[in-house]
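Hi,

Here is the structure I promised to pass on. Have a look at it first, and then read my notes on the side-chain contacts below.

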Amino acid sequence: MKRVFAFALAAALSTTAMAATDPRTVPTQLPKDWQVKTREVFKQAIEIPSVHNRGQTQKVAELLASQFRAAGIPDADIHMMPYEALPGDNTTALIVRWRSPHATKKPMLVLGHMDVVEANRADWTFDPFVFREENGYFLGRGTSDMKNGDVATTMAAVKLMSQGFKPSRDIIFFYSGDEETRGVGATLGSTKWRTLTDAEFGLNADGGGASYDRNFRPLGFGISMAEKTFQTYFFTTHNPGGHSSRPRPENAIYDLADALKALQAHRFTPMQNDITRGYFEERSRQEGNSPLGQQIRAWLANPNDGAAADAIEANPLEVGLTRTRCVATMLKGGHADNALPQMAQATVNCRIFPGVQPKDVQAELQALAGPKVEVIPDPNYIGVPTPASPPRADVVNAVKAAAMRFHGKDMHVFPVMSTGASDGSFFRAQGIPVYDVDGSWGISPDDERAHGLDERIPVRAMYDDVLHWEMIFKALAG
């Protein structure tokens, strides 16, 4: 999942108020010896280039497994699960069960992924797979998406084990190896490997968290309880072609261009669910009587007010939150510079509002594209709509307590819908509700660098995340 502060609202808030304390300068409460241990494991994880087709994810799994093993988890409860993701891409998932000696509750599942997006060394300021610490940040590919969450959940559990903590329910850790590509690991984890992962609910370290604006004022802690459905479609048109010296009105590239221009101007029907309503109610409070705040209140009062929804989505921080959105991402066509094109194709990626069927989006896109362009879904991945996870008071209260401890009473906690996709969607589809509750944080928008250049996380945020998960484990498995 591209780790994005989905609740980042900095540009919408006034920048004229007096700046608050820079949270990066506040000392972490994590004891020094655990800082050293966490940093060393984090460094090792970042310096393993666990990108698809490199065959390195197994090393991340072994690194995390070694921490659990040293803390006392027996080999019988540590499972390396090799599988093929993309064709020829052999990767691994890790499943670890921390057993309760006297379980009084059903198990709890903790989700993460060990793979990262490729990083081009020539584009980065430094080698993306060399761990760095400078100016109050840890830097490197995966520092925020999401080896921070892998390490924080692991070290929090190890820390609690060292203190003799005995959970009241089994805690199952599931770290997949291909979340950034096809999600085969999460598919297997939620189905074929269900005997190892079955749980009452899941907590996802690949989302959630707090953020501050550039004046260091708290912007809120979002708990993602719903995800859009990921689905790619191909727009394809064919033509007999011919010699480029004799152009005809019918041209595959022009026909495709017409369809893409129609897509650019199209807006799907606005929609709301309980999660997005909760998010926009919080946004309305934050915005007050600003023009955006007025539009949000108008849309909450009348979900059929398309003009208000359009005005909301015109704000770059709210794109994708009021409806299904589709966008062209890749192009190919033609075969020679002196020949009329015989084929043109565009890849169109859609993030579909929860509950909407991909086939219905396909039909809408086909009507939009017209008869000259065929619209078909990617045959290698058919998205499955997943329901929003029902709010759980125990999860929300645990997050509120942690947010107040590390960020103070002004860090409001509220639900969000992720516009991206994560392994959580596969478990939601199989009836396990999932909540994105990772405790790392950053400055918005400066630290929103997942999948991008010079990825980073504040040093204190990494250490706070260990303490955050320690509190979550105690609250929900104590």
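Asp75 counts as exposed, with a relative accessibility of 52%, while Arg69 is partly exposed at 40%. (Buried is under 20% relative accessible area, exposed is over 50%, and partly exposed is in between, using a 1.4 Å probe and protein chains only.) These two residues, Asp75 and Arg69, form a salt bridge, with 2.6 Å between the closest N and O atoms. I call it a salt bridge when a side-chain nitrogen of Lys or Arg is within 4 Å of a carboxyl oxygen of Asp or Glu; by that rule the count is 30.

Before I go on: this is a predicted model, so local features need pLDDT of at least 70 and side-chain atom pairs count only at pLDDT 80 or more, while totals for chains, interfaces and linings use all residues. Residues are numbered from 1 along each chain as its sequence is written, and side-chain values use heavy atoms, with hydrogens and water left out.

Back to the salt bridges. Arg392 pairs with Glu200, and their closest N and O atoms are 3.1 Å apart. That pair links distant parts of the chain, 192 residues apart: Arg392 is in the loop between β15 (374–377) and α11 (393–407), and Glu200 is in the loop between α5 (194–197) and β7 (201–204). (Helices, H or I with at least four residues, and strands, E with at least two, are DSSP runs numbered from the N terminus.) Arg392 is buried at 18%, whereas Glu200 is partly exposed at 28%.

Another one is Lys372 with Asp255, where the closest N and O atoms are 3.9 Å apart. Here too distant parts of the chain are linked, 117 residues apart, with Lys372 in the loop between α10 (358–369) and β15, and Asp255 in helix α6 (residues 252–265). Lys372 is exposed at 52%, but Asp255 is buried at 12%. There is also a network, in which salt bridges with shared partners join Asp77, Arg97, Arg99 and Asp170.

Now the rings. The structure has 17 aromatic pairs, meaning rings of Phe, Tyr and Trp (its six-membered ring) with centres within 6.5 Å; planes under 30 degrees apart are stacked, over 60 edge-to-face, and the rest tilted. Tyr212 and Trp441 make an edge-to-face pair, 5.6 Å centre to centre with 75 degrees between the planes. Tyr212 is in strand β8 (residues 209–212) and Trp441 in strand β18 (residues 441–443), so this pair ties together parts 229 residues apart in sequence. Both Tyr212 and Trp441 are buried.

Trp469 and Phe473 form a tilted pair, at 5.7 Å and 45 degrees. Both are in helix α13 (residues 459–477), four residues apart, or about one turn of the helix, and both Trp469 and Phe473 are buried.

Lys37 lies over the face of Trp34, 4.0 Å from the ring centre, and Arg456 over that of Tyr137, at 3.9 Å. (The rule is NZ of Lys or CZ of Arg within 6 Å of the ring centre and within 35 degrees of the ring normal.)

Finally, there is one disulfide, defined as a pair of cysteine sulfur atoms within 2.5 Å. It joins Cys326 to Cys350, S to S 2.0 Å. Cys326 is in strand β12 (residues 325–333) and Cys350 in strand β14 (residues 343–352), so the link ties together parts 24 residues apart in sequence.

Cheers
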